[in-house]
Amino acid sequence: MSSSAAAASSDFTGIVGWVVSVITSLGPVGVGLLLALDNVVPVVPSEVVLPFAGYLSSQERISFWLTLLAATVGSTASAFVYYEVGRAFGHERAAALLNRIPLVDDDDMERATSWFSRHGTASVLTGRCVPFVRSLISLPAGTEGMGRVRFGILTAIGSAVWNAVWLWLGSLIGSNWRNVGEYSDWLNGAILAALVLLIMRFVWRRRDRMTAD
């Protein structure tokens with residue numbers, strides 16, 4: 001990495017700084033790994049990773065097309081984790097397993113299942129572009145026995161569209177950026193606020209369920 005690129009990376013702080021350091025160190029491979037992680041355990045959402053990757057591509061620090069390919073491969077490969085869990089355990093046992101993941105509860109599984117029931121196999125394609133559904137749509141696809149080839153193709157197409165849009169938006173932001181550090185601090189605050197809201201939602205739902213029982 002060039003000295004100018006290293007200097008620019010130091011302008012990013014917090015979670016955003018970590019994301020940028022992974023991408024600048026590993027390039028497109030880093031983006032693919034972050035997207036794969038997001039699909040299984042949502043630590044850093046793709047809505048954060050991809051715009052910053054797009055920004056870096058606008059600065060010619062990484063390749064836009066290689067990044068899109070790596071992101072799509074990472075998203076598609078990791079989608080098979082929940083797919084295989086659903087296929088192996090069935091709806092009830094898969095839902096029970098999912099319920100053990102922090103910040104995820106039965107309602108999230110039911111939302112993905114409902115989406116799959118309404119839209120059929122096309123839900124795997126369209127669901128990849130819907131927040132909160134995009135990761136979990138793999139479970140009902142597995143429990144309902146969708147073929148692996150069809151699942152893989154639909155997931156890859158949907159993921160490619162989602163990834164391309166966010167990378168493109170990031171490249172537009174990058175071309176007009178004036179104060180990277182200020183934007184980084186703002187986005188870190190937004191991520192923290194979203195995490196607090198998710199925790200509150202999770203605790204509230206669990207409290208209601210315990211009260212009902």
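1. In which helix is the place of Pro51? In this predicted model, Pro51 belongs to helix 4, which spans residues 46-58. With a relative accessibility of 12%, Pro51 counts as buried, because the cut-off for that class is under 20% relative accessible area.

2. The surroundings of Pro51 deserve a separate remark. Once its neighbours within four places in sequence are left aside, Pro51 is in contact with Ser46, Trp166 and Gly170. Pro51 and Ser171 are 120 residues apart in sequence, yet their C-alpha atoms are 7.0 Å apart in space.

3. As to charged pairs, the count comes to 1 salt bridge, and Glu84 forms this contact with Arg148, with 2.8 Å between the closest N and O atoms. Glu84 lies in helix 5 (residues 64-98) and Arg148 in helix 9 (residues 148-175), so the pair ties together parts that are 64 residues apart in sequence. Glu84 counts as partly exposed at 29% relative accessibility, and Arg148 is likewise partly exposed, with a relative accessible area of 41%.

4. Turning to the chain as a whole, its secondary structure comes to 10 helices and 0 strands. Of the 213 residues in the chain, 43% are buried, and Pro51 is one of the buried residues. Among contacts between residues at least 6 apart in sequence, 74% join residues at least 24 apart.

5. A last point concerns the surface: the accessible surface of the chain comes to about 10700 Å², and carbon and sulfur atoms account for 67% of that area.

Key: Residues numbered from 1 in each chain as written. Predicted model: local features only at pLDDT ≥ 70, side-chain atom pairs only at ≥ 80, totals over all residues. Heavy atoms only, no water. Helix = DSSP H or I, 4+ residues; strand = E, 2+ residues; numbered from the N terminus. Buried < 20%, exposed > 50% of the residue type's maximum accessible area, 1.4 Å probe, protein only. Contact = heavy atoms within 4.5 Å. Salt bridge = Lys/Arg side-chain N within 4 Å of Asp/Glu carboxyl O. Areas by Shrake-Rupley, 256 points an atom, 1.4 Å probe, with all protein chains shown as cover.
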